[in-house]
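Dear colleague,

Please find the structure below, handed over for your own work. The notes that follow it set out what was found.

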Amino acid sequence: MTEAEWLAATDPAAMLNFLRSTGRATDRKLRLFACACCRRIWDFLLDGRSQEAVEVSERYADGLATREKLEAASDAAMDAADHAVDRHVCPH
């Protein structure tokens, strides 16, 4: 996959398979890939805690946030998801 193909790609599974097949799937790259997927649906992350979790995860990938901050942001995002399900904001 060329850089142009990567930038134009719309199938996350194909992109992930490329990273894995080339041995380029470092923890950092996988984390940032997941964050990029979340950025694609940013407007659907209705609770700020979910957006914050993505932002903290990006910082963590670059060594700019601690594991504790990441875990706290993840816990908050899970609480937001649970709250959304409880309020029937999203189907389950």
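Helix H4 passes helix H5 in a left-handed crossing, a term used when the near helix is turned anticlockwise from the far one by less than a right angle, clockwise being right-handed. This is a predicted model, in which local features need pLDDT of at least 70 and side-chain atom pairs count only at pLDDT 80 or more, while totals for chains, interfaces and linings use all residues. Residues are numbered from 1 along each chain as its sequence is written, and side-chain values use heavy atoms, with hydrogens and water left out.

H4 covers residues 48–61 and H5 residues 67–86; helices here are DSSP runs (H or I, at least four residues), numbered from the N terminus. Their axes are 8 Å apart and the packing angle is about 155°, the axes being lines fitted to C-alpha atoms over the stretch in contact, with angles from 0 to 180 degrees between N-to-C directions. That makes the two helices H4 and H5 roughly antiparallel (over 145 degrees).

Gly63 has its place in the loop between H4 and H5. At 60% relative accessibility, Gly63 counts as exposed; exposed means over 50% relative accessible area, buried under 20% and partly exposed in between, with a 1.4 Å probe and protein chains only. The C-alpha atom of Gly63 is separated by 26 Å from that of Asp43, 20 residues away along the chain.

I turn next to the aromatic side chains. Rings of Phe, Tyr and Trp (its six-membered ring) pair if their centres lie within 6.5 Å; planes under 30 degrees apart count as stacked, over 60 as edge-to-face and the rest as tilted. By this rule there are two aromatic pairs. The ring centres of Trp6 and Phe18 are 6.2 Å apart with planes at 50°, so this pair is tilted. Because Trp6 lies in helix H1 (residues 3–8) and Phe18 in helix H2 (residues 12–21), the pair ties together parts twelve residues apart in sequence. Trp6 counts as partly exposed at 25% relative accessibility, whereas Phe18 counts as buried at 16%.

Trp6 also forms a tilted pair with Phe33, at 6.2 Å centre to centre and 50° between the planes. Phe33 lies in helix H3 (residues 27–40), so this pair links parts 27 residues apart in sequence. Phe33 counts as buried, at 13% relative accessibility. Trp6, Phe18 and Phe33 form one aromatic cluster.

Yours sincerely

Notes:
Parallel < 35°, antiparallel > 145°, perpendicular 65-115°, else oblique.
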